[in-house]
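Thanks for making the time this morning.

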Amino acid sequence: MSASTQIRPRATTPPAPVRPGQRRARLRSGFTRWMFVVPAAIFVAVFFGYPVVKNVLMSFQDYTTKTFFTGEAPWVGFANYAAVFSSSVFATSVVNTALFTAGSIVLQFVLGLGLALFFRRHFPLSGFLRGLLLLPWLLPLIASSAVWKWLLDQDSGALNQLLGVVGIGPVPWLVSPSLALIAVIGVNVWLGIPFNTTILYSGLQSVPPELYEAGALDGATGFKAFWYITWPSIRSVVSVVVVLGVVYTLKVVDIILGLTGGGPANSTQTLATNAYHQSFINFQFGIGAAVSNVLIVVSFVFAMVYIAISRKAVDE
Amino acid sequence: MKPGSRSTSRRTRALVGAVAVAATVPLVLAGCSGSGNASSSGGGGGGKTLTIEDYYDANYDPVYQQCAKDVDVTVKINHVAGAGLISKVLQQASSRTLPDVLMLDNPDVQQIASSGALSDLADYGLDADDDVPGVKGANTFEGKLYGLQPNTNSIALYYNKKLLADAGVEPPKTWDELKTAAKTLTKGSTYGFAMSNINTYEGTWQFLPFFWSNGGDEKDIATPEAAQALQLVQDLQDDGSLSKSSINWAQADVNNQFMAGKAAMMINGPWQLPALKKAKNLEFDSVPIPTRTGSETVAPLGGEAFTVPQTGDKDKMQLAGKFVGCLNSDKMQAVLAGVSGNVPTNIEVGKTWAKDHADVASFVTTVQTARARTGELGPDWPKAATKIYTAVQLALTGKADPEQALEQAQSQNQ
């Protein structure tokens, strides 16, 4: 049907009054092109645009449990932001978020790259072991955090009993405010290694082996081969892994809630857990939205970096 | 290279298709859930159907069925996971799909009532005049009664009979006795005392008996009386009688420590009784929580209230009112207490209950003088509760001494 109607104007109209038909065709092709974009645009607007806009609006309102029944949320301007920025928990949360993200990313990346390089050599069971490495990724987060909570328990935890065999006294992993953040970072690193290893491993696979052969002739072996051949070849993959890792780590809630609930004494409180606490424990949705907007801005900056890097990679 | 690239593009197209299909799934599901709700509220055949929402389990269904028979309705029971109840209620409030009978934890009643989602129970001829005074206060907001609580609970000091007898220790009545007893009972891997000091409302709830009995007040927690109470818990930890892990323990964890024989005494509630009775080789009893001078314990009131939300259907709300009245009747209070292990709220029913059930006697005593958490601050209680557990955590982690911890927490802009 559509094919025949498209052909007809061309066949019947002589060359002179071609303009209206062409314009219509161009219009129609433009229209068709837009129609392909519409479903995606609607999807993004409904499932991503609306929540973000709503969140921004909410942060300027006194949005409480009452709002859900009456629909009234008085406009309070920047009062929520003022409350957030003046609270001492917010300052602690910012510092903890920075430490948590930086610590997790550095360790995840270093260990992930090490494992990826290790698994590039083929040895018996290497495929099986690489599969096992994905396990942390497959477990529900709340289940693995419950297991880790038990492993890290001060009095009867498996880790401390193991250390006791070597003669080290019980370590207050989740109990001491100075150790809790380190313990939480450790568990998050354990969770993040599969992601880093998998992506970096696939990056390593795409480095042509000829380069190493040629490099070996020129004396580039061992660390030199890594520094002059491997690293430049996977640099774009590395930046993608790091930037995505930052965005994923910034928003971690479940592991922290499962392990410490932000405690002891707020020592593992991050922006994400703070926002959760304000919204769903204190039911101050306006303040919770203000905290999460801060988080959104930070994540957005890193998302932009990611886009810039991936665009550069395509140009190269 | 060409065939390969063509196959990937085909794969990409298939993937895009799959994603598009997956994206429509939530829409379809949303449609289903909407129609599901509509059909359930319209149904019922001859008699009307009431929907009930709670965070209990199927053990309570026979109780509901009994009252359904009395009121001549059929009931549709919906059990929700404890932590998810309030978010569910808020969602239902905004979509106008609240159940006909709603169970709420008593400290949440005033907050939900303040939103206008609940109806005044006086409209159905109900009152709580024969119940423990604290319970009535917890369910009253701006002079109106919004919830009825068939059962209530509180916390007391459980002790392991065998461990105390072996050490020749009597159950403590004062703080000094508690400290000495806990120290004597601490041996090897067994701590003398256990309680929950976690950074949630559970931690606040467990600290309240020490705090309130000594004259602490939630309006301003930075007082010498409050500091004394916090110092007691700090001393118990410094003596080694209380594990440092208590700042990560929920009440269920405390109960596990006690059942495993790793704690000789613990603070916990009557809802643990079914589990405690099942534990082998464990002989236990409980006494009211010790106070500094041995005076009466002021502990917090627990338990769940039943409310009638504003659903707009006047006839059904009347029936729901009758249903809640039935749940709160003397007879059903006792039946519910048998299921939950808690204490009947009616003063007379409670006294009779204590005679037949020796293991809840200490709780019946405690409940008479107990206070509602929302009694003083109403819907603002959560803010104070956050300050209280923050202070406890600051002190027990050694970040501040008790006095400073309370000051910091009080001034903290939450």
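**Strand pairing in chain B**

Phe193(B) stands opposite Met265(B) in E10(B). This is a predicted model, in which local features need pLDDT of at least 70 and side-chain atom pairs count only at pLDDT 80 or more, while totals for chains, interfaces and linings use all residues. Residues are numbered from 1 along each chain as its sequence is written, with chains lettered from A and ligands numbered from 1 in the order in which they are written.

E9(B) and strand E10 (residues 263-268) of chain B run parallel and are joined by 3 bridges; strands here are DSSP runs of E with at least two residues, helices are runs of H or I with at least four, and both are numbered from the N terminus. Two strands count as paired if DSSP finds at least two bridges between them.

The open sheet has 4 strands in the order E9-E10-E8-E11 (chain B), with mixed pairing. Strand E9 (191-194) and strand E11 (284-287) of chain B each have a single partner strand, so one side of each is left without a neighbour in the sheet.

Turning to strand E3 (residues 101-105) of chain B, 4 of its 5 residues are buried, meaning that 20 or more other C-beta atoms, placed from the backbone, lie within 10 Å of the residue's own. Strand E1 (residues 49-54) of chain B runs parallel to E3(B) over 2 bridges, and Ile52(B) has Val101(B) as its bridge partner there. With strand E12 (residues 304-307) of chain B, E3(B) pairs in the antiparallel sense over 4 bridges, Asp105(B) standing opposite Glu304(B).

Terms used. Buried ≥ 20, exposed ≤ 12 C-beta atoms within 10 Å, placed from the backbone.
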